[in-house]
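Biologist: I am new to this one. Please take me through it, one question at a time.

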Amino acid sequence: MRPKATFHVDLDLEQIAFFRDNGFLSIERITTDEEVEWLKEIYDRLFDQRAGEDKGLYYDLAAPRAHKGREVLPQVLGPDFTFPELRESQHYQNALKLGTQLLGTDEKVTAGGHMIFKPAEYGAETPWHQDEAYWNPDVYLNSLSVWMPLDEATVESGCMQFIPGSHKKDLRWHRHIDNDPLIHGLMTDDVDPSKAVACPLSPGGATFHHSRTLHYTAPNTTEEHRRAYILVCSGPTRKREVPAPRPWTDEEREALAKANIDVEVF
Ligand code: NI
């Protein structure tokens, strides 16, 4: 059962200004320990079930689609399709509220979720990228991601790292990890990691980042799993006259068709 306690959290003007300037923000808490425990149960069930695998909603983000080996960075998309009660949680409600504040809009903001699991000892890195590279090329985006760990997130277990101010630059060229278009995970080159700011967090804390902020998480070299639940908050968008080029997504679709893997690319 979902814990019923209400947890209030607000951002002050300084935090909002920090996000505007830097493209990210870290807060100590977005929900309660009790709710984190409930979320962990749901999280583990989704990964045990490989929820939505036949629809392309479960796959290893850092290895070729449909590979049979050890999974190094499995991901579940749309966990709230399986468990709609996730939308009633304090985590979801607070993410939507704070996300709306940071997007600076009075219009309706929606949220969609995904979960990324970094197994203990061999969980792969998520290389430097901008989320926009994955997203809808038909519109000018107005989105940010809210990243919450359900386990202790340290540099060694794979906490978020950001390049401050990178959200003010254009979308970069991206390519698939290992240059393999059957690997969904994307990366971009020539990022200076000495400029990175790491944001360690305890379970139930959260970071926010803009759709263009460069970010990274290291391989998990610890003995504990690192479970992360991400909500993407999207405000109103404007249609582009011409879709933005996404050659890496085109390559992926072609490679999947060639390999006879019949899934949507989300
Ligand atoms: Ni990302």
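Biologist: Which is His 215, buried or exposed?
Modeller: Buried means under 20% relative accessible area, exposed over 50%, and partly exposed in between (1.4 Å probe, protein chains only). His 215 has 4% relative accessibility, so the residue counts as buried.

Biologist: What pLDDT do local features need in this predicted model?
Modeller: Residues are numbered from 1 along each chain as its sequence is written, and side-chain values use heavy atoms, with hydrogens and water left out. The model is predicted: totals for chains, interfaces and linings use all residues, side-chain atom pairs count only at pLDDT 80 or more, and local features need pLDDT of at least 70.

Biologist: Which residues are the protein donors of the nickel ion?
Modeller: Donors are N, O and S atoms within 2.8 Å of the metal (3.2 Å for Na, K and Ca). Water is not among the atoms, so sites may look incomplete. The protein donors lie 2.0 to 2.1 Å from the nickel ion. They are His 129 (NE2), Asp 131 (OD) and His 215 (NE2).

Biologist: How many residues apart are Asp 131 and His 215?
Modeller: The nickel donors follow the spacing H-x1-D-x83-H. Asp 131 sits in the loop between β5 (126-129) and β6 (139-140), and His 215 in strand β13 (residues 215-217). Strands are DSSP runs (E, at least two residues), as helices are (H or I, at least four), numbered from the N terminus. This pair links distant parts of the chain, 84 residues apart.

Biologist: How many aromatic pairs does the structure hold?
Modeller: Rings of Phe, Tyr and Trp (its six-membered ring) pair if their centres lie within 6.5 Å. Planes under 30 degrees apart count as stacked, over 60 as edge-to-face, and the rest as tilted. The aromatic pairs number seven.

Biologist: Why is the pair of Phe 24 and Phe 162 called stacked?
Modeller: Their ring centres are 4.8 Å apart. The pair is stacked because the planes meet at 15°.

Biologist: Where in the chain are Phe 24 and Phe 162?
Modeller: This pair links distant parts, 138 residues apart. Phe 24 is in strand β1 (residues 24-27), and Phe 162 is in strand β8 (residues 160-162).

Biologist: What is the angle between the planes of Trp 128 and Tyr 216?
Modeller: Trp 128 and Tyr 216 form a stacked pair, 5.2 Å centre to centre, with planes at 20°. Trp 128 lies in β5 and Tyr 216 in β13, so the pair ties together parts 88 residues apart. The angle asked for is 20°.

Biologist: Which ring does Arg 70 lie over?
Modeller: A charge sits over a ring if NZ of Lys or CZ of Arg is within 6 Å of the ring centre and within 35 degrees of the ring normal. Arg 65 lies over the face of Tyr 59, at 4.2 Å from the ring centre. Arg 70, at 3.8 Å from the ring centre, lies over Tyr 122.

Biologist: Which strand gives the largest share of the lining of the largest cavity?
Modeller: Among the lining residues are Leu 61, His 129 and Tyr 134. The largest share is three residues, and they come from β5.

Terms used: On a 1 Å grid over the protein atoms alone, a cavity is a set of points where a 1.4 Å probe fits but cannot get out, and a pocket is an open set with protein on both sides within 12 Å along at least five of seven lines; lining residues have an atom within 4 Å of a point.
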